[in-house]
Amino acid sequence: MDYGARAKENFQSGYSCAQAVFLACTEDMGLDTETRARLASSFGGGMGRMRQVCGAVSAIVLLAGLLYADTDIPTHERKQAHYARVQELAHRFQSAHGSYLCRDLLAGVETTPGGAPEARTAQYYAKRPCAGLCESAAALFDAYVQENPPENA
């Protein structure tokens, strides 16, 4: 499956950036759509539209936990290794897009002030790079998994 194209399609259908990526990359993991959408719902708009870490990046971090993290209390070394994985994923996104912060990625894009989400109109989609960022994040994560198969796969 083309996770990038699916993430872009999800975003363009109305899901948040985080939901779009998380839903695309977890279709075959046995979790129902409602649960998957809820898990990622708070991370859209850079964490509840606070413009912090891009929701698409938050989604790949959630995915890293789902696929690679310990299920028991991790040792210091395993926690360190997992954090290094998360940092590598964020760095790859940052290298491709200049930042992993929502406010930086939307610099120059006129948005409405405040914490309320904007209406999803044709103008909304035309003025922001979010659909492409979702596509990129999902494709980046898919490539990472191909390079680093999970031990439990």
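This briefing looks at one helix and at a set of charged pairs. The model is predicted, so please read every value here as computed from it. Helix H6 covers residues 76–97, and the structure holds 9 salt bridges.

**Helix H6**

- His-82, Val-86, Leu-89, Ala-90 and Phe-93 are the buried residues of H6.
- An α-helix has 3.6 residues a turn, so residues three or four places apart point the same way.
- The other side of H6 has exposed residues: His-76, Glu-77, Gln-87 and Ser-95.
- Helices H5 (55–68), H7 (102–105) and H9 (130–147) are among what covers the buried residues of H6.
- After H6 comes Gly-98, with a positive phi near 90°.

- Glu-147 and Arg-92 form a salt bridge through their side chains, at 2.8 Å from N to O.
- Glu-147 belongs to H9 and Arg-92 to H6, so this pair ties together parts 55 residues apart in sequence.
- Both partners are partly exposed: Glu-147 has a relative accessibility of 48%, and Arg-92 has 24%.

- Glu-118 is buried, at 14% relative accessibility.
- Glu-118 pairs with Lys-127, their closest N and O atoms being 3.3 Å apart.
- Glu-118 also meets Arg-128 in a salt bridge of 2.9 Å, N to O.
- Shared partners join Arg-49, Glu-118, Lys-127 and Arg-128 into one network of salt bridges.

How values were computed
Residues are numbered from 1 along each chain as its sequence is written. This is a predicted model: local features need pLDDT of at least 70, side-chain atom pairs count only at pLDDT 80 or more; totals for chains, interfaces and linings use all residues. Side-chain values use heavy atoms; hydrogens and water are left out. Helices (H or I, at least four residues) and strands (E, at least two) are DSSP runs, numbered from the N terminus. The expected span of a helix is 1.5 Å times one less than its number of residues. Buried means under 20% relative accessible area, exposed over 50%, partly exposed in between (1.4 Å probe, protein chains only). Contact means heavy atoms within 4.5 Å. A salt bridge is a side-chain nitrogen of Lys or Arg within 4 Å of a carboxyl oxygen of Asp or Glu.
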